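This report describes a two-chain model. The sequence and structure come first, and the description follows.

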Amino acid sequence: MKWLRGKATSGELETPLVWATTALAVCFAPHVLHFPFWITAATVAAGVWRFTAERRRWHLPPLWLRALLVFAALLGVLALYAGINGVVPGTALLALMAALKILESNQRRDLHVVLFIALFLALSSLLREQALWSLPYLAIALFACLVAWQQVAREGNPLPVSTVTHGASRIARHAAPLLIAFWILFPRVPGAFWAVPTQGEGASTGISDRIEPGSIAALIASDAVAFRVEFTGALPPLREMYWRGPVMEAVVGRAWQVSDFPPMNRRDNEVSYDGQPYRYRMTLQPTGQRWLFGLDVPETWNHPNAKMSPTQQLMVRQPIDQRVVMELRSYTEFTIGGELSARTRKRLTYLPGGSNPKTRELATTLRDASTDEDDFVRQVLALFANGDFVYTLEPPPLGLNSMDEFLFATRAGFCEHYASAFATLMRAGGVPARLIGGYQGGEINPLGDYLIVRQSDAHAWVEIWAQERGWVRIDPTAAVSSVRLESGLDAALRSSGQAGVGRWLDFDWLTQAGFTWDALNARWDEWVLGYGPETQQRFMRWLGMDDPHWEKLAMALGIATALILAAIALRLARQYAKPRADEARRVFERVIRRLKVSLAPHETAPVAADKIGARYPTLEAEAARFVERYQAIRYAGDDSIDTLRREATALITAARSAPATVTTPH
Amino acid sequence: MIVALRGFIGRRQTQAQEAARRWARRRQGDDRGLVELSSRRVYILPTLIGVTFAITAFVMLLGSMNYNNSLAFALTFSLAAIGLVVMHHTHGNLAKVRLRFGGATSVFAGEKLIWTVFVDNPSSLNRYDIALTGSDGVRRSVDVPAQATARLEAHQPTLTRGRVQQDRCRISSGFPLGLFVAWGWLNPIGSAIVWPSPAATAPDSRLAPGDEGSNDHPIGDDDFAGLRDYQPGDALAKIAWHTLARGDTLHSKVFLGSGSGPKWFDLADMDPTDIELALSQLTRLVVDAHTAGLSYGLRLGAQVIAPASGTTHRNLCLDALAVFGDPR
């Protein structure tokens, strides 16, 4: 039955095995909640079985069984994620491979591999989440790996725990300066080498490219930060802060959405700016979407890959899955003019045939009753303002002809209801209209002096094409609840007699704590997580390096590394060298020399004290104390060497001015 | 094809290693007395695990750059920093140890000479996993605490009799993470005598036709004649341990009979066609005679060792057999 058994175990691997599995467990921990239960169970089972096998000297599983298990693991992951590409399935596979590696480990080399897999697991947990606690977690994981690593690499008997923890902290201490140098100076390059697979479930957050009744209301409940803005100079008033995001020109069923293929040859995008510019820096959280946000409307921006689309969206080529730090300049007074071609006008007044008949009828009635377009717009807004519409976070659900139901039946809605109703009415009345998604307002953090814009500030508004004036922003929500724009959502909901969303905490100290925490997070986001090409350039310039391109950075990195390594080598050379002659003895001899006392080889330290006393009568007591301490250090294990040095210096200084008796030679 | 290639690479590798060793030897000369392993003669290279680790870190770097993930960069850079730091730690752990070379006791050809090397650690840091590899290729490792000394052995296989020089050995350490191995070559100048390997059987027919005539049973326990006072030089086997155990003074047993005179082992009595076999058989005779506690003498051509007994005498005879015919 030889084929039933694998290699034998010797019991020698017991300690390294325990350490390696512990390190693996630390690196595995952040994944537990994201993996299906069976992956964790399989890994734990493998660890426990392997340890028991080492204890009881069982044989390891034979090759065919291991091959079978590898196959089963592969199949399990394939069934779970329908593929092994991407971070999540890759991580799951990695975890199972670690389990299998433990199962077959019968050499120290195998345990090294387990540790390397553990480090990869730690890495992939960072790809998923980078919170404030990620850095301490990373430090703990690395430390655990370092400790385990020493035991795995150990040739003799396992080292005591104190030795390996000391060893690990020594390595960490020496590595820290190098890590900081690498971190700051390693040239960061923008962009990815290969297409990054989207990170599995729930990749995109925030405003999506599609708005239908209820989609923004779903965001409002989230307190998550969308981006932070730090203005240099004046802040625009809160009600003018429209953070422009996706522009939705297509109507599909109930939804407004971003056109898949926006026509490029449009001429309705000639922007002219007016008034004063606002300069600000934005730290945008990853959205998984291809647009950036900007204060309506951005004039310049320093993101290398961003381009302005014909509909004034800041677009990037690849979905944003990392924090973006960029500097922009915006004007809140502007006109988007030019010419609207007949074809584009037709497209922008299109509504799906047969939908919302009552709304269309209302639009036609209103349009016919109004003198011109401006009057039409006024009438529609007046309808919202006076028609007992309610601004609510929990509007009743709407059916297929959503606008008919909203305008004529429920009359309760959130910003996307008003915006899409308004835009639909406009289009039905022959006015080109489009929906803009984004954020409105924000919250000033007095501690960090910056603006926090959260998902709960998500908003939707409308732009209509007015003759002569071009695209004009109209926010129908303001007609219903002007408070929303003046002082934020929470106040708006309270003024309409509803419970707030809970952000505006009633306790001052809690508010304070919240601000402090967010200020901390903001610094973290900007300087640690957002430390990319732009931040690096900015930091380097601040340090005084002009034009910091990658060659300069690489050179600086080389020099810094060489210097740090030289310092480490020097320190190690000193530590591993034979210690110099007893330090206390050297101090003692210096005093003897400087005080010009001659001491024969057979004469002891107390004799020296007597001789000093004889030569400098005023220093007798001091000399006796000094010699006593010297003897305590040398022979009684006292360790007050610094005090001895101080006393020696004091003695030598005092001797310079003390009256000396001239000793006559015998 | 692959096998041939591997063989080719293997040969080149061995040649390169040999060349490196010769270069190191020319560079640092022989080691005698107290030798400090200076930093200059400690070499360091990554191990297979170290190379794997470097590849791991590089893949992580690519991943970090691709995802432009700051904390992933932090992890990758930590690993790179650890790698660089550990290189210095490995080197430091081995450099500046002090070595003293002990001798090796003689062995029979085919056995291993065991050379003792004492490793002093004069520094105030402990050193771990200091290993010595003798020419038998086996690593033996030991820890050397701060300001202490540890003993290591280098085993050296032997094939033939004679005076042999101590092989060079390799002192190395992979501490703390096994990513690098630091090593130094030691060229000690010790020498030891390897005795001929004793033949399986002694040719008793030719055994010592001394003065009292042939006797293939030189001594029997039945020939026990009595006890006399112990005299220095009496073989251990002849000491009357029973009487000593009874609390009596030390006595030696006296055997009577024709075999009681000293035996003579003579090379001339052996088969002259195979001198090595002859020496090997003489070795067997000497060993057996010593074990039996006999008094014996040895004639190797012109060289004559007068009959005596005891360990010193045995070693003298075996040494003579070992270096017989050796011009040195």
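The sections below go from the chains as a whole to their contact, cores, strands and helices.

## Overview of the chains

The model is predicted. Chain A contains 23 helices and 19 strands, and 38% of its 666 residues count as buried. Among the contacts in chain A with a separation of 6 or more, 74% are between residues 24 or more positions apart.

Chain B has 6 helices and 17 strands. Of its 328 residues, 38% are buried. In chain B, residues 24 or more positions apart make up 66% of the contacts with a separation of 6 or more.

## Contact between chains A and B

Chain A gives 47 residues to the contact and chain B gives 43. On the side of chain B that touches chain A, the elements that supply two or more residues are helix H2 (48-67), helix H3 (70-94), strand S6 (127-133) and strand S7 (139-144) of chain B. H3(B) has the largest share of this side, with 18 residues.

Sorted by class, the side of chain B that touches chain A consists of 24 nonpolar, 16 polar and 3 charged residues.

## Nonpolar cores

In soluble globular proteins, nonpolar side chains tend to be buried together. The largest nonpolar core in this model has 109 residues, and the members with the most contacts inside it are A:Ala23, A:Leu115, A:Ala118 and A:Cys145. Residues up to four places away in sequence aside, A:Ala118 touches A:Ala23, A:Leu24, A:Cys27, A:Ala98 and A:Cys145.

Strand S17 (residues 450-454) of chain A is mostly covered, with 5 of its 5 residues buried. The cover extends to both faces of S17(A): A:Tyr450, A:Ile452 and A:Arg454 are buried on one side, and A:Leu451 and A:Val453 are buried on the other.

S17(A) pairs with strand S2 (residues 225-232) of chain A in the antiparallel sense over 4 bridges; here A:Val225 has A:Arg454 in S17(A) as its bridge partner. Strand S16 (residues 443-445) of chain A also runs antiparallel to S17(A) and is joined to it by 3 bridges. In that pairing, A:Ile444 is bridged to A:Leu451 of S17(A).

## Hairpin of S18 and S19 in chain A

Strand S18 (residues 458-466) and strand S19 (residues 470-474) of chain A form an antiparallel pair with 5 bridges. A:Ile464 is placed opposite A:Val472 of S19(A). The hairpin of S18(A) and S19(A) has 3 residues between the strands, and A:Glu468 in this hairpin takes a positive phi near 70°.

## Packing of H20 and H23 in chain A

The axes of helix H20 (residues 583-594) and helix H23 (residues 641-657) of chain A come within 10 Å and cross at roughly 5°. H20(A) is therefore roughly parallel to H23(A). H20(A) contributes A:Glu583, A:Ala584, A:Val587, A:Arg590, A:Val591 and A:Arg594 to the contact, while H23(A) contributes A:Ile641, A:Leu644, A:Arg645, A:Ala648, A:Leu651 and A:Ile652. The residues of this contact between H20(A) and H23(A) comprise 8 nonpolar, no polar and 4 charged.

## An open sheet in chain B

Chain B has an open sheet of 4 strands in the order S1-S3-S5-S8, with antiparallel pairing. Its edge strands, strand S1 (34-36) and strand S8 (148-157) of chain B, each pair on one side only. On average, and with direction ignored, neighbouring strands of this sheet are turned by 30° against each other.

S1(B) pairs with strand S3 (residues 98-101) of chain B in the antiparallel sense over 3 bridges. Within this pair, B:Glu36 has B:Arg98 in S3(B) as its bridge partner.

## Surroundings of B:Ser197

B:Ser197 is in the loop between strand S12 (191-195) and strand S13 (224-229) of chain B. Is B:Ser197 buried or exposed? B:Ser197 counts as buried because it has 20 C-beta neighbours inside 10 Å.

Apart from its neighbours within four places in sequence, B:Ser197 is in contact with B:Phe108, B:Ala109, B:Gly110 and B:Ser280. The C-alpha atom of B:Ser197 is separated by 7.4 Å from that of B:Arg161, 36 residues apart along the chain.

Conventions
Residues numbered from 1 in each chain as written. Chains lettered and ligands numbered in written order. Predicted model: local features only at pLDDT ≥ 70, side-chain atom pairs only at ≥ 80, totals over all residues. Contact = placed C-beta atoms within 7 Å. Nonpolar A, V, L, I, M, F, W, Y, C, P; charged D, E, K, R; others polar. Pairing = 2+ DSSP bridges. Axes fitted to C-alpha atoms, helices over the stretch in contact; angles between N-to-C directions. Core = buried A, V, L, I, M, F, W, Y, C linked by C-beta atoms within 7 Å. Buried ≥ 20, exposed ≤ 12 C-beta atoms within 10 Å, placed from the backbone. Parallel < 35°, antiparallel > 145°, perpendicular 65-115°, else oblique.
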